[in-house]
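Open the model in your viewer and keep the selection tool ready. The tour goes from stop to stop, saying what to select and what is there.

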Amino acid sequence: MDERNWVEEAIGGDEGAFVRLYEQYYTKLYRYAAYTLRTVQDAEDAVGETIADAYAGIGKLKNPESFGTWLFRILSNKCKAKMRDYYVVSDGQGEGDPSVHTDLALNLQVRQMFLALPKKERQVIGLSVFAGYDSKEIADILKLNANTVRSIRKRTLEKMAREMND
């Protein structure tokens, strides 16, 4: 079966076809992200976010032949967003400003808390806060009830806020 057929099946909701497309594109996506970004973790995050967005939006893809271009456009936007974060951190502005160092420390603390979360909580928070998905979309992606997603999100954010205040 060729790529166009896999794309058409994925658009129709065939998860197996989407997995085959993911397997076909993963190495190319990762190489692009690793080359563009500074760290392995950021490259993996960008690819993961790209795949999550592509999975959620594949039904809206109009032209199956443009799948690869569409996928790389999503990844490119993810990488650009991460690079903007790099610029804010490393542009040299505010070197004498203690608030810059406080912001960096806070950013690191939040990232460490996020990475320490159990898998399900990390998925919900990642898809919600970082990728911008709503409860229904996250529920569809993770095969959960939307109310469960909202509950996990609320509980986890409250837990993180308490840890920040300790």
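**Before you start**

This is a predicted model, in which local features need pLDDT of at least 70 and side-chain atom pairs count only at pLDDT 80 or more, while totals for chains, interfaces and linings use all residues. Residues are numbered from 1 along each chain as its sequence is written, and side-chain values use heavy atoms, with hydrogens and water left out.

**Stop 1**

How many salt bridges does a search of the whole structure find? The search finds nine. A salt bridge here is a side-chain nitrogen of Lys or Arg within 4 Å of a carboxyl oxygen of Asp or Glu.

Glu9 lies in helix 1 (residues 3–11) and Arg20 in helix 2 (residues 15–36), so the bridge ties together parts that are eleven residues apart in sequence. Helices are DSSP runs of H or I with at least four residues, numbered from the N terminus.

Show the surface next. Glu9 is partly exposed at a relative accessible area of 28%, and Arg20 is partly exposed at 31%. Buried means under 20% relative accessible area, exposed means over 50%, and partly exposed is in between (1.4 Å probe, protein chains only).

**Stop 2: Lys78 and Asp53**

Select Lys78 and Asp53, whose closest N and O atoms are 2.6 Å apart in a salt bridge. Lys78 belongs to helix 4 (residues 67–90) and Asp53 to helix 3 (residues 40–57), so this pair ties together parts that are 25 residues apart in sequence. Are these two residues buried or exposed? Lys78 counts as buried at 14% relative accessibility, and Asp53 counts as buried at 17%.

**Stop 3: Lys136 and Asp140**

Move to helix 7 (residues 135–142), where Lys136 and Asp140 are four residues apart, a separation of about one helical turn. They form a salt bridge with the closest N and O atoms 3.3 Å apart. Lys136 counts as exposed at 53% relative accessibility, whereas Asp140 counts as partly exposed at 44%.

**Stop 4: Thr156**

Finish with Thr156 in helix 8 (residues 146–165). Thr156 counts as buried, at 0% relative accessibility. Which residues does Thr156 touch, not counting those up to four places away in sequence? Select Leu117, Glu121 and Ile125 to see them; contact means heavy atoms within 4.5 Å.

Notes
Helices (H or I, at least four residues) and strands (E, at least two) are DSSP runs, numbered from the N terminus.
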